[in-house]
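Here is a short report on one chain. Look at the fold as a whole, then at single residues.

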Amino acid sequence: MNTLALPFGERPKEAVLTQYLASGSYNGVPYENIAVLNVGWNPAYSPYDSRFDHTSIPRIRASEMKVDNVGLYNYLDYFDKHPEERFISDGVAEIITIPDDKKEYIHAVGNKEIYVYEKQ
């Protein structure tokens with residue numbers, strides 16, 4: 001396993017312990033997480049966004065019971081109210097498409113092409 005969904009979204013109380021979310025060892029067995037999932041509260045950033053943190057990815061609760069405004073319908077409502085924040089893939093894995101007002105956030109694209117477009 002290389003992904004951790006934090007129980008109840010609880011992160012370590014002491015900041016120094018957060019390093020162990022990404023990697024460490026337990027009883028001599030090393031581990032490295034490529035994704036650590038919180039309880040969601042905002043839409044996640046793209047992995048190509050400089051604000052993306054693989055140790056702090058919001059997850060959407062599919063249940064609508066006691067979700068504290070972080071459930072699936074809350075996300076859908078958010079995007080209804082903020083359509084400019086929606087992302088729709090163009091389906092071309094080799095190209096990252098981004099509006100010109102967000103291009104400052106792009107980083108670590110490897111050998112992918114970046115297509116910047118002007119919003120209307």
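Predicted model: local features only at pLDDT ≥ 70, side-chain atom pairs only at ≥ 80, totals over all residues.

Helices (H or I, at least four residues) and strands (E, at least two) are DSSP runs, numbered from the N terminus.

Residues are numbered from 1 along each chain as its sequence is written, and side-chain values use heavy atoms, leaving out hydrogens and water.

**The whole chain**

The chain has two helices and seven strands. Along the sequence they follow the pattern β-α-β-β-β-β-α-β-β. The C-alpha trace spans about 55 × 40 × 25 Å along its principal axes.

What is the radius of gyration of the chain? The chain has 17 Å, while a compact globule of 120 residues would have a value near 14 Å. The radius is taken over C-alpha atoms, and the globule rule is 2.2 Å times the number of residues to the power 0.38.

Of the 120 residues, 18% count as buried. Buried means under 20% relative accessible area, exposed means over 50%, and partly exposed lies in between (1.4 Å probe, protein chains only). The accessible surface of the chain comes to about 9200 Å². Carbon and sulfur atoms hold 55% of that surface. These areas come from the Shrake-Rupley method with a 1.4 Å probe; for residues, only the protein chains shown count as cover.

Now take contacts, meaning heavy atoms within 4.5 Å. Among contacts in the chain with a separation of 6 or more, 36% join residues 24 or more positions apart.

Asn38 is found in strand 4 (residues 35-39). Is Asn38 buried or exposed? Asn38 is buried, because its relative accessible area is 0%. Its side chain makes a polar contact with the side chain of Ser56 (2.8 Å). A polar contact is a pair of N or O atoms within 3.5 Å; within protein, one must be able to donate a hydrogen and the other to accept it, and residues adjacent in sequence count only if both atoms are side-chain atoms. Leaving aside neighbours within four places in sequence, Asn38 is in contact with Leu6, Gly9, Arg11, Ser56, Ile57, Pro58 and Arg59.

Asp49 counts as buried because its relative accessibility is 9%. Beyond neighbours within four places in sequence, Asp49 is in contact with Tyr105 and His107.

Ile98 is found in strand 6 (residues 95-99). Ile98 is buried too, with a relative accessible area of 11%. Ile98 and Ile114 are 16 residues apart along the chain, and their C-alpha atoms are separated by 7.6 Å.

**Two residues with positive phi**

Phe8 has a positive phi although it is not a glycine. Asn27 has a positive phi and is not a glycine either. Where are they found? Phe8 is in the loop between strand 1 (3-5) and helix 1 (19-22). Asn27 is in the loop between strand 2 (23-26) and strand 3 (29-32).

| Residue and phi | Relative accessible area |
|---|---|
| Phe8, about 60° | Phe8, 74%, exposed |
| Asn27, about 50° | Asn27, 67%, exposed |
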